[in-house]
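Hi,

Here is the structure I promised to send over. Have a look at it first, and then read on for what turned up.

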Amino acid sequence: MSWLPSRRRGAPRRPPERAELVLGALAATLLLLIAGMLAFVFKEAWPSFSHNGLAWFGGGGSTQQQLTAIYESPSNPDDYVYTLHAWPLIYGTILSTGLAVLIGLPFALLCALFMVEFAPPGLRRVMTPVVRFLAAVPSVIYGLIGILVLAPWINDHLVDGDFKLAVNAIVPISGGGLLLASLILTIMIVPIMIAIIGDALRAVPRSWIEGSAALGVNRWRTMWKVAVRTARPAIAAAVVLATARALGEAIMLAMVSGSFIWSPNPLDGINFFLEPIQPLAATIVTQSEGFSAVPLGQTLYAIAAVLLVSSALLSFAGWAVRQPLRKYGTR
């Protein structure tokens with residue numbers, strides 16, 4: 001931009017303007033707030049981690065009974081109970097989030113391709129705001145639809161009555177579970193991925209697409225080989241953002257996941273998808289009334305710390321994946 005003053009190498013730096021100082025102060029304040037939040041969460045979570053060690057992430061015993069024992073700890077701090085083996089919660093989080101992303105990514109990619117290249121202009125003008133609206137719908141709305149409409153339908157049409165009766169003394173099966181949680185999560189994260197991938201596909205230089213078409217390549221192959229390959233870094237970013245959204249979802253999952261701490265067994269066949277789960281974030285919601293009990297509150301902070309670290313590792317993994325793909329993208 002020619003109107004900006006240039007500065008020669010070695011020339012003295014001009015004093016910062018007031019706007020620069022204000023913006024810098026705001027950025028520093030934001031970083032301090034984030035650092036303070038992290039420090040507070042990990043400080044509160046430390047008693048739970050220090051008592052359990054790596055066993056916190058393992059299995060053993062009934063996690064529900066362990067949470068109840070933590071809540072009913074004696075009032076004497078020396079007698080607080082912290083024993084927790086959170087693997088069923090971690091397992092439920094991995095299953096619901098992983099299934100949602102695996103199902104949602106192909107659907108989002110194909111929808112974005114259709115909207116950008118193949119949809120008629122009139123339909124495109126309608127679909128674009130609808131997708132963005134779906135991405136902004138509060139999660140509790142999805143939860144209500146899931147628990148009031150889909151869960152009864154699954155219970156009536158998909159749940160095996162004999163299997164439900166056989167395991168009723170161990171685990172309740174009522175329609176809410178892994179299948180419903182993954183389905184609603186997919187519906188929630190797909191609009192986010194469509195919006196990000198669609199913007200990336202539109203950013204691909206039109207001359208690249210027209211050049212491929214001029215060589216006789218059909219539209220589908222052109223979009224797949226040229227546009228999608230160019231948009232790979234954005235696709236990776238969409239997956240990271242959608243996964244982070246799924247990891248942190250709490251209200252909806254507390255409503256549709258069955259709210260029973262259980263590790264679904266793949267050996268149960270199709271019933272595996274119908275068994276209840278309780279992910280980490282949903283556990284914070286279902287146990288929130290017990291915050292008055294100090295050890296339970298510290299345990300819930302430990303769950304929050306695991307979610308924070310997971311999101312940070314996910315962001316780093318997304319950054320690492322995008323680095324070798326930058327050669328396919330545009331600057």
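Is Trp224 buried, partly exposed or exposed? Trp224 is partly exposed, with a relative accessible area of 38%. Before I say more about that residue, please keep in mind that this is a predicted model.

**The overall picture**

The protein chain has 13 helices and zero strands. Its C-alpha atoms fill a box of roughly 70 × 60 × 30 Å along the principal axes. Of the 331 residues, 39% are buried. Among contacts with a separation of 6 or more, 76% join residues 24 or more positions apart. The chain exposes about 18400 Å², and carbon and sulfur atoms supply 68% of that area. As for charge, there are 23 positive and 16 negative ones, and their mean positions lie 26 Å apart.

**Aromatic pairs**

Another pair is Phe291 with Tyr301: the ring centres are 6.1 Å apart and the planes stand at 65 degrees, so the pair is edge-to-face. Phe291 sits in the loop between helix 12 and helix 13, while Tyr301 is in helix 13, so the pair ties together parts that are 10 residues apart in sequence. Phe291 is partly exposed at 40%, and Tyr301 also counts as partly exposed, at 24%. Together with Phe40, these two residues form one aromatic cluster.

**A buried threonine**

Helix 13 (residues 294–325) also holds Thr299. This threonine is buried, with a relative accessible area of 0%. Leaving aside residues up to four places away in sequence, Thr299 touches Ser48, Leu67, Ile70, Tyr82 and Leu84.

Helix 10 (residues 232–248) has 17 residues and should span 24 Å at 1.5 Å a residue; its end C-alpha atoms are 25 Å apart, which agrees. Its buried residues include Pro233, Ile235, Val240 and Leu247.

Finally, take a look at Ser259, in the loop between helix 11 (251–256) and helix 12 (280–286). Most residues other than glycine have a negative phi. Ser259 has a positive phi of about 50 degrees although it is not a glycine, and this serine is partly exposed at 34%.

Best wishes

How values were computed
Residues numbered from 1 in each chain as written. Predicted model: local features only at pLDDT ≥ 70, side-chain atom pairs only at ≥ 80, totals over all residues. Heavy atoms only, no water. Helix = DSSP H or I, 4+ residues; strand = E, 2+ residues; numbered from the N terminus. Buried < 20%, exposed > 50% of the residue type's maximum accessible area, 1.4 Å probe, protein only. Contact = heavy atoms within 4.5 Å. Areas by Shrake-Rupley, 256 points an atom, 1.4 Å probe, with all protein chains shown as cover. Lys, Arg positive; Asp, Glu negative; His and termini not counted. Charge placed at Lys NZ, Arg CZ, Asp CG, Glu CD. Expected span 1.5 Å × (residues − 1). Phe/Tyr/Trp six-rings, centres within 6.5 Å; stacked < 30°, edge-to-face > 60°.
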